[in-house]
Each structure stands twice: as structure tokens, then as C-alpha cells.
Amino acid sequence: MWLALGAVIAGLVVLVWSADRFVDGASATARHAGMPTLLVGMLVIGFGTSAPEMVVSALASVDGNPGLALGNAYGSNITNIALILGLVALLSPISVHSSVLRRELPVLAVIMLLAGYQLYDGQVSHLDAVVLLAVFFMLMGWSVYQGMTGKGDPIVGDVDAAAEEPMPLGRAIFWLVFGLVLLVASSRLLVWGAVSIAEGLGVSDLIIGLTVVAVGTSLPELASALAAVRKNEHDLALGNVLGSNLFNTLAVVGIAGAITPVPAEPAVFYRDWVVMTVLTVALFLRGYGFRGVGTGRINRIEGGMLLAIYLGYTGYLVSTLVPGG
């Protein structure tokens with residue numbers, strides 16, 4: 001058990017570090033290739049911060065632990081909204097000005113309904129996975145088009161302000177390749193440790209995925225959100241979470257389901273999906289803005305409520321690890 005715990009801790013540390021190096025390398029390489037700053041920002045925000053979830057879930061599915069894959073994806077979504085946005089809003093109330101983000105909020109809410117429909121029969125089948133991946137690629141095309149034509153959108157200024165001078169091409173390619181290798185290796189170590197802990201405690205790998213693995217793989221989103229808020233770039237902080245949750249629900253679950261059908265125990269639907277959907281709808285209602293001024297806002301009180309929901313949800317999951325809990 002201690003060896004497995006050490007593997008999880010080491011895997012998470014290397015996973016987060018390697019994901020950051022991979023993102024830096026990918027971003028710099030893309031800029032050297034002439035890709036526009038906004039497009040680089042959108043893809044890095046989405047793919048880069050979701051790379052840990054994608055690799056961990058794919059390897060878990062390959063190893064025959066689809067519950068870990070599903071728990072990682074949905075647990076990360078819950079962590080992103082309740083823990084990360086809750087913490088960020090406590091530090092600095094989040095204002096939403098970007099029309100791009102306000103269009104993505106209702107889309108994310110609809111995607112939650114699609115996820116619930118697929119879970120209702122107790123599994124994410126190969127066909128479900130194909131649907132998720134098809135929707136994902138359509139949305140990516142739509143987002144790229146909207147981003148490239150949204151010249152007057154506040155998020156354009158945020159991305160331009162956040163952009164740094166790219167590192168030399170040779171170094172960028174090195175970190176792109178080396179970061180990806182470490183990302184895969186640390187993910188395999190993390191999956192092995194998480195599955196071993198689940199077997200040792202006699203609980204499903206779903207619970208481990210929803211808690212320890214979900215929080216660990218969401219650390220890049222937390223770091224990105226806190227960095228954006230320090231620069232008063234609220235749209236980027238929220239865009240980080242929205243992009244990650246879109247990737248998790250569509251690409252992460254889609255990739256896992258494409259590898260092997262993912263069984264979903266009833267609790268995934270009536271507990272985890274319900275919490276994830278309620279949080280998404282609440283984010284839509286508060287972030288979209290219905291006060292005639294075109295600006296949504298998540299204040300400190302609401303941030304505290306999000307954190308309370310996360311602590312209550314996680315506390316309930318942890319109680320299932322205790323015999324008789």
C-alpha cells in the first residue's frame with residue numbers, strides 16, 4: 001500500500017511538471033510555425049491543461065480500468081468548477097465579459113445533458129464514444145472559427161497580454177517530445193498506484209478516480225486559473241475551466257470509450273453526473289449574465305458556496321472508503 005501511495009504522489013508530481021513542460025514546448029513550437037497567438041492560447045488552454053486527464057484515462061482504459069477513466073474525467077469537471085473557480089472567486093470575484101465564453105457556457109450545459117443520456121443505460125459504448133468525439137471535433141472547429149474572427153472580444157486582449165516570447169525552436173521541440181514522454185510515463189505510474197490503492201482498500205477505482213486522481217490531474221487548471229487572476233484576466237481563468245471541461249466530457253471520455261466500452265455504475269448517474277450538471281448549470285446562470293448589461297459575475301459568497309459543495313461532495317466520497325460508511 002505504501003509503495004502504491006508513493007507511486008501516486010510521484011506520478012502526480014511528475015505528471016503536473018511534465019504537462020507544464022509539454023504545454024510550453026507545444027505553444028512555442030506552434031508560434032514558430034506561425035500559428036496566431038489567439039489560436040495558440042485557445043488550444044493550449046483546452047488541450048494542454050487536459051493532457052493529464054487524457055493520458056491517464058486512455059491508459060486506464062487500455063489497462064482494463066475504465067472506472068478510473070470515467071471517474072477522472074467527471075471528477076476533474078467537478079473539481080474545476082467547485083474547487084478551482086470557488087477558490088479563484090474567493091480571491092477575486094470573477095467577471096465574464098467575453099462573448100466567446102458566454103457562447104460556450106450554454107454549449108457546455110447542453111453537453112452535460114448528452115453525457116447524462118449516454119450514462120442512463122449504464123455504459124459509454126463505442127457508439128457513444130464516436131458521438132462524443134464527433135461533437136468534440138465540431139466544437140473545436142467552431143471555437144477556432146469564432147476565436148479567429150472575434151477581433152473585438154476581450155479575451156483576445158487577455159491572450160495577447162499573456163503571450164510570452166517563444167523559446168528557441170530547438171529547445172521547444174525538446175520539451176515537446178521529452179514532456180510528452182514523461183507525461184505518459186508518469187500517467188502509467190499514477191494509474192498503477194491508484195488501482196493498487198483501490199484494490200487494497202476494497203473500493204472501486206471510480207472512487208479513487210473521482211478524488212485523488214481528479215484533484216491531481218486538475219492541478220494544471222488550478223495553476224493556470226490562479227496565474228490568470230493575478231493578472232486580472234478573468235476571461236482566461238474561466239476559459240481555462242470551460243475548455244478543460246469540454247475536453248474532459250467529450251475527448252477524455254470519448255477516447256476511453258473508443259478503446260473499450262466504459263461501464264457506469266448507477267451512482268455515476270444519480271450522484272456524480274447530477275453534481276457535475278448542477279454545477280455547470282449554476283455556472284451558466286451566474287457567468288452568462290441576465291441583467292441586461294452583458295456581464296456575468298461570480299462573487300466571493302458564491303465562490304464560498306462552490307467550495308462548500310466541493311467539500312461536502314468529497315467528504316461523502318471519502319466516507320464510502322470507511323468500512324460501514
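**A guided walk through the predicted model**

Of the 325 residues in the protein, 55% are buried, a word used here for a relative accessible area under 20%, with exposed meaning over 50% and partly exposed in between, computed with a 1.4 Å probe on protein chains only. This is a predicted model, in which local features need pLDDT of at least 70 and side-chain atom pairs count only at pLDDT 80 or more, while totals for chains, interfaces and linings use all residues. Residues are numbered from 1 along each chain as its sequence is written, and side-chain values use heavy atoms, with hydrogens and water left out.

The protein has 12 helices and four strands, where helices (H or I, at least four residues) and strands (E, at least two) are DSSP runs numbered from the N terminus. Among the contacts in the protein with a separation of 6 or more, 88% are between residues 24 or more positions apart, and contact here means heavy atoms within 4.5 Å.

A19 is buried, with a relative accessible area of 2%. Although A19 and S50 are 31 residues apart in sequence, they are 9.0 Å apart in space, taken from C-alpha to C-alpha. With neighbours within four places in sequence left aside, A19 is in contact with P52 and L183.

In helix α3, residues 66-91, the residue to look for is N80, which is buried with a relative accessible area of 0%. The side chain of N80 is joined to that of N245 by a polar contact of 2.7 Å; such a contact is a pair of N or O atoms within 3.5 Å, and within protein one atom must be able to donate a hydrogen and the other to accept it, while residues adjacent in sequence count only if both atoms are side-chain atoms. Leaving aside neighbours within four places in sequence, N80 is in contact with L85, S218, E221, V241, S244, N245 and N248.

From here the reader can turn to the helix pairs. The axes of helix α7 (residues 169-201) and helix α8 (residues 205-217) come within 9 Å and cross at roughly 140 degrees, which makes α7 oblique to α8. Axes are lines fitted to C-alpha atoms, for helices over the stretch in contact, and angles run from 0 to 180 degrees between N-to-C directions; those under 35 degrees count as roughly parallel, over 145 as roughly antiparallel, 65 to 115 as roughly perpendicular and the rest as oblique. In this pair, L190, A194, I197 and A198 of α7 meet D205, I208, V213 and T217 of α8. By class, that contact of α7 with α8 has six nonpolar, one polar and one charged residues, where Ala, Val, Leu, Ile, Met, Phe, Trp, Tyr, Cys and Pro count as nonpolar, Asp, Glu, Lys and Arg as charged, and the others, Gly among them, as polar.

Helix α8 also pairs with helix α9 (residues 219-230), their axes coming within 4 Å and crossing at roughly 45 degrees, and the two are therefore oblique to each other. Here V215, G216 and T217 in α8 meet L219, P220 and E221 in α9, and the residues of this contact divide into three nonpolar, two polar and one charged.

The last stop is D272 in helix α11, residues 266-288. D272 is buried, with a relative accessible area of 1%, and its side chain makes a polar contact of 2.7 Å with the side chain of Y313. Not counting residues up to four places away in sequence, D272 touches I78, L206, L210, A267, Y313 and L317.
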